[in-house]
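Colleague: I would like to learn how to read the sheets, helix packing and pockets here. Can we go through them one by one?

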Amino acid sequence: MAELPPNLRTILIDSGFVTEVEFDLAAQHASELERPVGDILIFEGLISEQALGQLIAEHWEIPFISLKTKSIGLEILELIPENLARTYELIPFEKTDKELHVAFSDPQNFESREVAKRSTKLKIIPFYILPNDLTQALTQYKKGIKKVFADILAENIKKTASTSGDITKVASDLPVVKILDTILEYAIAERASDIHIETLSNNLLIRFRIDGNLRDIISLPKQIQPAIIARIKILSQLKIDEHRVPQDGRFKYNFADQSIALRVSIIPSCYGENIVIRIL
């Protein structure tokens, strides 16, 4: 993602939010931790995220926008394809008759503005968005995978059902990997806090906890249960051949330029093992 402006030091010191000593110390910490200096300034309470974004936007003479709590409609997102939005670090979030409001992490990038204009044939109204906020906002593109979610799973379930042999090998094969990746991406896009994989008598039920409520998402064939659970155990470095006692583990999943920590709990049940994955 785009870095903060190279003259950020001057912008902040001139604003009076931080002193030279405070900024230089934060810059030193940022270098040691390999984090953007803006993150350190916010973490240390020297400036709020809102104030930082507004100062940078004012410097570039465009409005500042935060999309943390805004749900963008799919009809808006589809105006600029996800691959272009990620490549050029932008996201559309509002449309009028002839204008499109687009948030850029680098509003000075002329090519990004031109891409947005050519893609939509609309007048582009640029806004500045902080890089971390843009990373989170781009996950909203995944809301559209609900339409293809079942197709992706169905295609790979057929491939999984046709395989046999060593469960460790099956769990590492592309169909099983794709099924689990699809479930994880959809859960993250829906901002679920937990994924429940419940083994029932005739099927495997996938449920997400969203805003505190458990929601049934999809029912999968029972025959893929061993491979899915084995895949999660491999990622979590748990015992594949242990089925009678609970196990706890964790792993990280890379999604949309973010490394997301997942905590796994495996609990034996009447029909097999159940799994709860906490998205941290």
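Colleague: How many bridges join strand E4 to strand E5, and in which sense do they run?

Modeller: This is a predicted model, where local features need pLDDT of at least 70, side-chain atom pairs count only at pLDDT 80 or more, and totals for chains, interfaces and linings use all residues. Residues are numbered from 1 along each chain as its sequence is written, and side-chain values use heavy atoms, with hydrogens and water left out. Strands (E, at least two residues) and helices (H or I, at least four) are DSSP runs, numbered from the N terminus. Two strands pair if DSSP finds at least two bridges between them. Here 6 bridges join E4 (residues 194–199) to E5 (residues 203–210), and the two run antiparallel. Ile195 stands opposite Phe208 in E5.

Colleague: In what order do the 6 strands of that open sheet lie?

Modeller: The order is E6-E5-E4-E9-E8-E7, with antiparallel pairing. Strand E6 (213–221) and strand E7 (247–255) are at the edges; each has a single partner strand, so one side of each lacks a neighbour in the sheet. From one strand to the next, the twist averages 20 degrees. Angles run from 0 to 180 degrees between N-to-C directions, and axes are lines fitted to C-alpha atoms, for helices over the stretch in contact.

Colleague: Which helix packs on the sheet?

Modeller: Contact means heavy atoms within 4.5 Å. Helix H12 (residues 225–236) touches E4, E5, E6, E7, strand E8 (258–269) and strand E9 (272–279). The direction of H12 makes about 45 degrees with that of E9.

Colleague: How many bridges join E7 to E8?

Modeller: E7 and E8 run antiparallel, joined by 9 bridges. Lys252 has Ala261 in E8 as its bridge partner. E8 and E9 are also antiparallel, over 8 bridges. There, Leu262 is partnered by Ile279 in E9. A hairpin of 2 residues joins E8 to E9.

Colleague: Which strands form the open sheet with mixed pairing?

Modeller: That sheet has 3 strands, in the order E1-E2-E3. Strand E1 (90–95) and strand E3 (123–128) stand at its edges with a single partner strand each, so one side of each is left without a neighbour in the sheet. Neighbouring strands are turned by 30 degrees against each other on average, direction ignored. E1 runs antiparallel to strand E2 (residues 99–104), with 5 bridges. Ile91 has Ala103 in E2 as its bridge partner.

Colleague: Which strands does helix H7 lie across?

Modeller: H7 (residues 110–120) lies across E1, E2 and E3, at about 140 degrees to E3. Helix H8 (residues 131–138) lies across E1 and E3, at about 70 degrees to E1.

Colleague: At what angle do helix H1 and helix H2 pack?

Modeller: Two packed helices are described by the angle between their axes and the distance between the axes. For H1 (residues 8–15) and H2 (residues 20–33), the angle is about 145 degrees and the axes are 10 Å apart. Leu8, Arg9, Leu12 and Ile13 in H1 meet Glu20, Phe23 and Asp24 in H2. These contact residues divide into 4 nonpolar, no polar and 3 charged. Nonpolar covers Ala, Val, Leu, Ile, Met, Phe, Trp, Tyr, Cys and Pro; charged covers Asp, Glu, Lys and Arg; the others, Gly among them, are polar.

Colleague: Which strand gives the most to the lining of the second largest pocket?

Modeller: On a 1 Å grid over the protein atoms alone, a pocket is an open set of points where a 1.4 Å probe fits, with protein on both sides within 12 Å along at least five of seven lines; lining residues have an atom within 4 Å of a point. E8 gives the most, with 4 residues. The lining includes Gln136, Arg191, Gln258 and Leu280. It divides into 6 nonpolar, 4 polar and 1 charged.
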